[in-house]
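Subject: Structure handover

Hello,

Here is the structure I said I would pass on. Please open it and keep it beside this email while you read the notes below.

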Amino acid sequence: MHIGRKIYSSGFKLFDLLLMMFSFAVSTLPLYHRVGTLSLAEFFEMRVKLGNLILFVSFVVIWHILFSVFGLYGSRRLNDRWDEIWDVARATTLGTGVIAAFGLMFHIWVVNRAFLMIFWALTTTLVILTRTMIRASLAHARRHGKNLRNMLIIGTNPRALELVQRIQHKPELGYRILGFADEDWRGIEEFRKQGLPLVSDLETLPTYVRRNVVDEVVLALPIRSFHTYASQIAAACEQQGIIVRFLPNIFDLKEARHRTDELDGDPLISHDTTVTDFWGLMAKRLIDIVVSLTAIILLSPVMLLTAILVRLTSPGPIFFVQKRLGLNKRMFNIYKFRTMVVDAEARLKELEHLNEANGAVFKIKKDPRVTLIGAILRKTSIDELPQLFNVLKGEMSLVGPRPLQVRDYELFETYCGDWQRKRFSVRPGITCLWQIKGRSSTTFEKWMELDLQYIRNWSLWLDFEILAKTLPAVLRGSGAA
C-alpha cells in the first residue's frame, strides 16, 4: 500500500511538472512574431543559454516546492474538492509571481503581461481539471469497493457513532469501518443494541492492531478521562505506521471551527469562532480601500455641501467625533457629520428615562437634541459618509457590526451575555445585516443576533449582498433614526 502510494505520488509530481512545462511552452507562442523571419522550427531549435537553463531548472524546483507546501501531494481523501481547487489556485498564483519576479530581475524578454496571464490561466485550469478527473475516478473506484482503507473507531459514544454515520454516507471517501473498541461504560448496552461490531476492549487493542489490517485509527474517547489509554493507543499506532486521527473538540465547544497551525515543528490546534480566512480578509481589506477611496472622491461635493449646511444652520463643529469600540474592543474615534446640538452628550443623562429601545442602546424617535438639518442627514444616512475615512484608515470596514459607544458597551453586563461580545472579533462596519433589516426599529436582541449571524456566515459574497441591499434600505429610510 505504502509503495503504491509513493509510486502514485511520484507520478503525480512528474505529471504536474510536465503540465507546467507544456503551459510555459504554449504561453510563448504569442511572442512568435517577435523572433523576426525565423520559422517556428528554427525558433524552437535556437540554442538555450546556460544561464536561462539554470533559471528554468530553479523555477521547476520552486514550482515543485510550492505544490508540496500547499499539500497537493499528500492524501486529500477527506478534503473538500473546493479546498483542493483553492490550494491549486494559490500555488499557481504564487508560482506565476515567481516567474514575474525572475523576469524583472534577470530581464527575460519572454516574460511579459500576456505571457503571465496565459501561463497562469493555463496551468491553473489544467491542474484543476486533472485533479478533478482523478478525484472523480477515485470516487468511482471506491464506490465499487476498490482503493479502500480500513478504519478502526476507538470509542462508542454518540460522537463516534455520528462520525461513522457521516463516513458511511460518503462511500466516495473509500473507508471500510472495521468496528469499534471501548471499555464497558453506562452507554455500552445502548451501543450493543444497534448491532455494531465491538472488536476489542482498550486493554487488548494493541494486540488487535498488530494482528489485523488497520490503515487508520480514529480516537473518539473523552480525552480528559482517557488520556493514558489514548496516549498508549497513539504510541502503538505510531510504531506500526498507522494513521491516527482524533476528534479535536475536546472542550465540547458549540460553534468552534478547528484548524492546525505549526510553531517550530510543534502543531497547535486552534478553535476559531470568528472569521479567520486570511485570503478572504485580505480581499475584504483591499475592497474596503478601493471602494472607500473611490467613494470619497465621487462624494466629495456632497460632503462639502453638507459641511457648509451644518456650519450655517447650527453653531459648533462640523464633525461629531466620538470614542467607539472597534476590532477586539480597541478604541477609535468615529467621524460623523454633526446632527445634534453641541451639548448633546451632556444632556444624555436627563433623557435616559425617555429611552424607547430595549437593551444596551439609547434611542428615542423625537430626540430634542437633533437639529433640523441633522434630522434630514440622519434620514438619508448622509451623516455616516465621513466614516469612509475610518474605513480607509483600517479602523472600520464597509460591512460589519455597527461600532458601539463606550456607554452602550458598559451596559453589556446588564443586558448581554459573553456570546454577544463575539461581535467585537471583526472590524465594525458602516453597514451590516441590521442596517438592511429594519435599522433602528430592530430590537436590541435581534440586532445582536444579526451581528452573530453575520460572523457565522461571513463570506465576500455576503458582503456584496449587504452592500447591494443597503442603498435601497437607505433610500426607503426604513427604520432610520
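A residue is called buried when its relative accessible area is under 20%. V88 has a relative accessibility of 1%, so V88 counts as buried. Please keep in mind throughout that this is a predicted model.

Overall picture

The chain is built with 18 helices and 12 strands. It has 481 residues, and 40% of them count as buried. Take the contacts between residues at least 6 apart in sequence: 70% of these join residues at least 24 apart.

Helices α4 and α5

V88 is a residue of helix α4, so let us begin with that helix and a partner of it, as a packed pair of helices is described by the angle and the distance between the two axes. Helix α4 covers residues 81-106 and helix α5 covers residues 113-143. Their axes come within 9 Å of each other and cross at roughly 150 degrees. An angle over 145 degrees counts as roughly antiparallel, which means that α4 is roughly antiparallel to α5. The crossing of these two helices is right-handed.

Which residues make the contact between α4 and α5? From α4 they are R81, E84, I85, V88, A89, T92, T93, T96, I99 and A100. From α5 they are F115, L116, F119, W120, T123, T124, V127, I128, R131 and R135. Sorted by class, the contact has 11 nonpolar, five polar and four charged residues.

Now back to V88. Leaving out residues up to four places away in sequence, V88 touches L72, T124, V127, I128 and R131. Of these, T124, V127, I128 and R131 are also listed on the α5 side of the helix contact. L72 is 16 residues from V88 in sequence, and the two C-alpha atoms are 7.4 Å apart in space.

A181 is found in strand β2. Is A181 buried or exposed? Its relative accessible area is 0%, so A181 is buried. With neighbours within four places in sequence left aside, A181 is in contact with I153, I154, G155, L198, S200, L202 and L205. Its C-alpha atom is also 5.2 Å from that of D201, a residue 20 places apart from A181 in sequence.

Strand β2 spans residues 175-181, and the loop between β2 and α7 (188-193) holds G187. G187 counts as buried too, because its relative accessibility is 17%, and the cut-off for buried is under 20%.

The loop between β8 and β9

Two residues to look at here are N328 and K329. N328 lies in the loop between β8 (319-325) and β9 (331-337), and K329 has its place in that loop as well. What is the phi angle of N328? It is near 55 degrees, a positive value in a residue other than glycine. For K329, phi is near 65 degrees, again positive in a residue other than glycine.

T371 is in the loop between α11 (348-351) and α12 (372-380). T371 is buried, with a relative accessible area of 12%. A polar atom of the T371 side chain lies 2.9 Å from the backbone nitrogen of G374. Apart from neighbours within four places in sequence, T371 is in contact with S314, T339, M340 and V341.

V426 sits in the loop between α15 (412-415) and β12 (429-431). V426 counts as buried, at 12% relative accessibility. Not counting residues up to four places away in sequence, V426 touches T274, V275, L327, P401 and I455. How far apart are the C-alpha atoms of V426 and G326? They are separated by 8.0 Å, although the two residues are 100 residues apart along the chain.

Regards

Definitions and conventions:
Residues are numbered from 1 along each chain as its sequence is written. This is a predicted model: local features need pLDDT of at least 70, side-chain atom pairs count only at pLDDT 80 or more; totals for chains, interfaces and linings use all residues. Side-chain values use heavy atoms; hydrogens and water are left out. Axes are lines fitted to C-alpha atoms, for helices over the stretch in contact, and angles run from 0 to 180 degrees between N-to-C directions. Helices (H or I, at least four residues) and strands (E, at least two) are DSSP runs, numbered from the N terminus. Angles under 35 degrees count as roughly parallel, over 145 as roughly antiparallel, 65 to 115 as roughly perpendicular and the rest as oblique. A crossing is left-handed if the near helix is turned anticlockwise from the far one by less than a right angle, and right-handed if clockwise. Contact means heavy atoms within 4.5 Å. Ala, Val, Leu, Ile, Met, Phe, Trp, Tyr, Cys and Pro count as nonpolar, Asp, Glu, Lys and Arg as charged, and the others, Gly among them, as polar. Buried means under 20% relative accessible area, exposed over 50%, partly exposed in between (1.4 Å probe, protein chains only). A polar contact is a pair of N or O atoms within 3.5 Å; within protein, one must be able to donate a hydrogen and the other to accept it, and residues adjacent in sequence count only if both atoms are side-chain atoms.
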